[in-house]
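The following report describes selected features of the structure shown below, beginning with a pair of packed helices.

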Amino acid sequence: MSALWQVFQLIWRDQRTPLLRGAALGVVVLLAGVALLGVSGWFITAAAAAGLAGVGASFDVFRPSASVRFLALGRTAARYGERLLTHDATLRAFATLRVRLLQGYLRAPYDRLSRLRGPQMLNRLTADIDALDGLPLRLILPLIAGIATQLLTFAVLWALLGLAIAATLALGFIGGGAVVLIWAGKAGYAPSRRAELAAQAFRSRLIDLVQARGDLAVYGQLAVQKAAVLAADHRRQTARLAQDRIERRAGFVLSCLGTGLATAALVLGMVLAQSGQLSPALAATGFFAALALSETAAPLRRAVAELGRMSLAARRVVEGLSAPGLQTEQSHTGQNHTATSLRFDAVTYHRFGAARPSLPPLSFTLNPGETLALAGPSGAGKSTALLLAAGLLPATSGAIWLGNHPLPDWDEAALRAHLTLIPQRAALMAGSIRQTLTLSSPDATDAALWAALNAVALDQVIRAKGGLDFQLGPRGAGLSGGESRRLSIARALLRAPAILLLDEPTEGLDTATAREVLHGIRRHLPRAAILTASHRPVELDWADIVLRLT
Amino acid sequence: MTRQTDQATAKVLAGMIAPAQDKLRWAAILSGLAALIWPAQAALVATALAGLLTDARPLWSHVAGFALLGGLRALLNHWAEGLAFTAGQRVTSQCRAAIVTREAARSDGLAAGPLAALAAEKLDALLPYVSRYAPARGRVMVVPLLILALAFWQSWTVGVIFLITGPLIPVFMALIGWAAQAASQRQMAEIGSLNDLLVERLHALLDIRLLGAGEAVATSFAEAADRLRAQTMAVLRVAFLSSAVLELFAAIGVAMVAVYVGFSLLGLLGFGSYATPLTPAAGIFLLLLAPEFYQPLRDLSAAWHDRAAALAVAADWAEWQAQSDTPLLGQGAAAARLAGRADIAVTGLQVQLGPRLLSLPDFQLGAGQTLALLGPSGSGKTTLLRLLAGMLQPDAGQIHVAGQPLNDQTADGWRAGLGWMPQQPHFLNASLRHNLGFGRGGDLAPALAAVSMQEVVASLPQGLGTRLGEGGGGLSGGEARRLTLSRALFSRPDVLLADEPTADLDALTAATVTAGLMALAETGCSLIIATHDEALAARMDRVIRLEPLV
């Protein structure tokens with residue numbers, strides 16, 4: 001629940017003015033509805049009384065009928081404006097939330113980032129946020145408008161009809177409505193939460209079934225997985241049915257409450273009219289107003305029954321937003337750092353809970369124009385050393401110096417401007433070759449793009465495919481493994497980093513191409529300090545210094 | 001969308017809803033009945049209020065009748081809503097079951113993302129349509145006609161007002177409905193493209209960050225999110241505008257009735273009714289009826305928007321249904337191993353791959369023998385492995401396994417003795433323990449030790465309880481590959497099918513994997529290995545070279 005409140009505060013802070021206006025219009029809509037029915041009921045009954053009394057000709061018909069028209073048109077316009085304002089404000093706030101979540105993911109620590117599952121992240125950014133639209137639109141704003149309308153109507157009815165009718169209606173609607181809605185909220189919380197969890201289980205199990213269909217079939221698990229997917233949907237439907245039943249029951253009780261209070265207003269009005277304390281027309285007004293007041297509580301039932309689902313979504317969104325960023329994020333001292341060298345000073349890395357360190361103490365100094373290759377068997381810590389140098393993992397002990405400043409003093413932007421890592425599994429995205437390359441350097445000219453492609457011996461391949469406008473499919477489809485590898489290197493070269501970190505840069509390339517690419521990299525960045533994690537002889541030959549890790 | 005495909009889609013939608021027709025009919029009947037109660041309630045209140053004007057004895061029985069009928073109306077609505085909801089659930093859960101059943105019985109299909117979106121989210125858009133549209137239609141059939149008749153009975157003028165203003169509503173509804181459908185198609189397209197964009201970005205998060213492109217990507221995402229907001233608002237604006245227009249028409253109608261009734265009651269108008277002047281009871285009665293004359297039409301038009309969304313889903317559904325199937329042999333369920341030695345004999349296999357007919361060489365492999373399939377990419381190595389696992393059916397030729405033809409009856413039993421190493425590991429959204437053993441008991445340690453993965457697994461945050469990213473994120477490519485081998489080892493197979501087990505691995509890791517494979521062969525397991533790796537192929541008893549396709 002506190003997560004729901006936090007999300008609402010975020011929305012509120014982002015869109016305070018339109019939401020306030022929307023809430024005000026919401027009150028206008030409800031009040032106009034009450035006034036419309038009240039005035040027309042009064043008008044008809046009063047007109048009938050005047051007609052019966054034979055004084056019809058002197059009855060002022062114009063003011064009541066004009067106000068009926070005004071209220072009807074005003075309500076329509078106010079409702080249109082209210083819906084437009086509140087929906088637009090909510091969608092705007094959600095767009096902001098989505099961007100902030102994505103930024104949160106971009107800052108997430110490497111350990112967490114590498115284990116995030118794509119479909120789940122996508123769920124956070126889309127379904128979870130969508131699930132929250134009921135919070136402002138169907139819960140908080142209607143609640144505010146409903147209570148305000150009840151209180152204002154109470155004051156007006158008290159003045160017109162006396163305390164008995166006004167208090168009966170106000171207490172009945174606010175008290176009764178609160179009891180029903182709180183009950184529905186509590187009773188519906190668990191099923192709506194279950195339904196949401198089951199829906200997500202359904203989704204992720206179905207994705208597993210489709211993506212690992214072959215594996216599952218061979219290991220005789222396809223039938224099991226199918227049953228698990230169907231079971232998740234069954235659980236979801238059962239929970240949804242329970243939630244819907246609660247929502248309908250709340251609707252039934254609210255409907256009965258509305259009829260009951262309208263009846264009460266009618267009875268009180270009739271009694272007061274019989275005793276002459278109230279004119280028949282005013283007695284009718286109370287009844288008609290009560291009919292309209294039902295509108296204040298009825299729309300809330302759905303939102304209340306959805307609280308479980310919404311708070312689940314809210315908790316995940318808040319979690320995503322408050323995920324800890326990198327330590328470099330907080331630093332403001334490094335704005336103007338420049339660096340051309342990298343130094344490791346007895347750096348170790350020990351993954352929490354692991355039996356042995358992922359990287360035993362490592363020291364070296366890498367100067368501009370030098371190429372240093374870290375060699376050693378798989379698991380010796382080559383990739384870990386690169387991740388440490390790129391600031392993706394915090395060193396357990398020792399210090400990494402970038403120029404004259406320790407690595408943690410660098411802020412993210414400055415660090416990325418000076419140092420680029422090409423990870424082992426570099427990822428490409430759908431889009432043209434030009435878009436792929438300019439992701440890292442938006443201002444690069446076509447000549448610069450071709451130069452980078454030339455450095456990695458890819459220019460002819462791309463030219464044959466149709467040049468820089470050649471479109472890559474999803475995840476860079478359309479290129480072979482080796483071509484993708486070279487394209488990701490070209491993308492990094494365009495940033496002209498002072499320090500370039502390469503994790504097995506020529507994996508998947510034949511030896512001749514590998515040699516061409518390696519020399520192309522050096523030719524393109526003659527002054528860069530280059531650190532590689534390598535096991536191929538061609539890479540080790542190319543390096544100035546080879547450091548063996550064991 | 002042309003008119004013709006529009007009608008085709010409407011037919012698809014009707015087909016999807018067919019199983020729920022019975023329930024929906026009852027929902028429509030109950031909902032219609034509930035709406036018919038209002039005129040009776042209105043008559044009771046009108047006479048009770050009119051009684052006040054004539055100083056007769058208060059009609060308490062009418063008041064009590066009003067309250068009781070109100071309760072009955074709420075009850076009928078409650079039932080109708082329940083029936084409509086379960087009808088909607090039946091539609092969505094049957095569609096989901098159809099998706100899961102078909103996807104589990106074929107070897108290829110739509111990508112997981114769009115499929116999950118269709119099954120998990122889009123189908124839910126049918127719920128509001130199914131549960132609201134039919135009851136609203138039920139009400140439209142009876143309520144306006146009955147109220148029209150009642151109005152003509154009391155006053156022909158009011159009847160004429162209804163008769164003129166009523167039909168305007170469906171006309172406007174249709175006009176606006178078309179605009180709404182176009183807008184919601186644009187919105188659906190925008191949602192799709194935003195999702196695609198996100199999937200790509202989320203997949204490449206680390207690269208984006210390393211290239212310092214975080215801000216640029218966040219900005220372009222913000223623009224895309226804002227475009228989606230604009231499209232969504234376009235849909236909503238049409239919806240809000242249409243309901244405002246309908247409300248306006250209804251309000252004008254009600255105001256005309258109120259003014260006519262008021263003037264009549266005052267005796268200022270001498271026409272339009274049969275009793276002159278109109279009696280007070282009739283006047284109040286007509287006023288209470290007026291809004292209810294328009295309400296069903298407004299409900300139907302609101303449901304019209306749900307219909308637009310449902311049609312979009314139906315179009316997706318039709319597209320999914322139209323896909324051609326490549327069925328999987330057997331159920332993919334656990335089964336007893338086939339009796340007899342695990343010999344394999346392949347004769348005259350041909351498979352249609354898109355436009356190309358792939359012919360595969362004949363061979364026989366005795367139990368315990370090892371075989372390498374060598375050949376360039378696209379020569380059919382993976383296809384042959386999939387045929388041998390019964391994941392694909394040949395268009396011609398036969399596979400005999402353990403002396404029996406490989407078919408629907410024998411496939412599960414055959415696969416019970418198979419091990420499988422796919423080229424791209426996929427990890428289920430479950431613990432590593434489940435991913436390796438699929439819930440079967442037993443000690444995983446020997447299978448992990450055989451591929452030197454014990455230490456790596458121990459250094460994961462929760463060891464065997466860790467949930468990996470779907471592609472094995474958190475591990476290197478070689479480590480993920482070794483895990484799929486240890487999964488195969490754990491199932492103690494008679495035959496292991498491995499697709500490129502050493503591709504993209506460094507020499508040392510490749511040697512570890514090769515050693516693991518050879519150790520398995522020592523135990524009497526047959527190996528069939530698709531590979532480019534000549535060194536690995538040389539270790540096998542036999543080599544088959546597949547010809548490149550022309």
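Predicted model: local features only at pLDDT ≥ 70, side-chain atom pairs only at ≥ 80, totals over all residues.

## Helix packing, sheet and chain contact

Residues are numbered from 1 along each chain as its sequence is written, and chains are lettered from A and ligands numbered from 1 in the order in which they are written.

Helix α3 (residues 62-107) of chain A packs against helix α6 (residues 134-161) of chain A at an angle of about 125°, and their axes are 10 Å apart; axes are lines fitted to C-alpha atoms, for helices over the stretch in contact, and angles run from 0 to 180 degrees between N-to-C directions. Helices (H or I, at least four residues) and strands (E, at least two) are DSSP runs, numbered from the N terminus. On the side of α3(A), the contact is made by Thr86(A), His87(A) and Thr90(A), and on the side of α6(A) by Pro136(A), Leu137(A) and Leu141(A), where two residues are in contact if their C-beta atoms, placed from the backbone, lie within 7 Å.

Chain A also holds an open sheet of 5 strands in the order β6-β9-β10-β3-β11, with parallel pairing; two strands pair if DSSP finds at least two bridges between them. The strands β6(A) and β11(A) stand at the edges, each with a single partner strand, so one side of each is left without a neighbour in the sheet. From one strand to the next, the twist averages 15°. Helix α14 (residues 382-389) of chain A packs on this sheet, and its direction makes about 145° with that of β10(A).

| Strand of chain A | Residues |
|---|---|
| β6 | 419-422 |
| β11 | 545-548 |
| β3 | 371-375 |
| β10 | 529-533 |
| β9 | 499-503 |

Between β6(A) and β9(A), which run parallel, there are 4 bridges, and the bridge partner of Thr420(A) in β9(A) is Leu500(A).

The contact between the chains takes 122 residues from chain A and 124 residues from chain B. Helix α8 (residues 214-266) of chain B gives the largest share of the side of chain B that touches chain A, with 27 residues.
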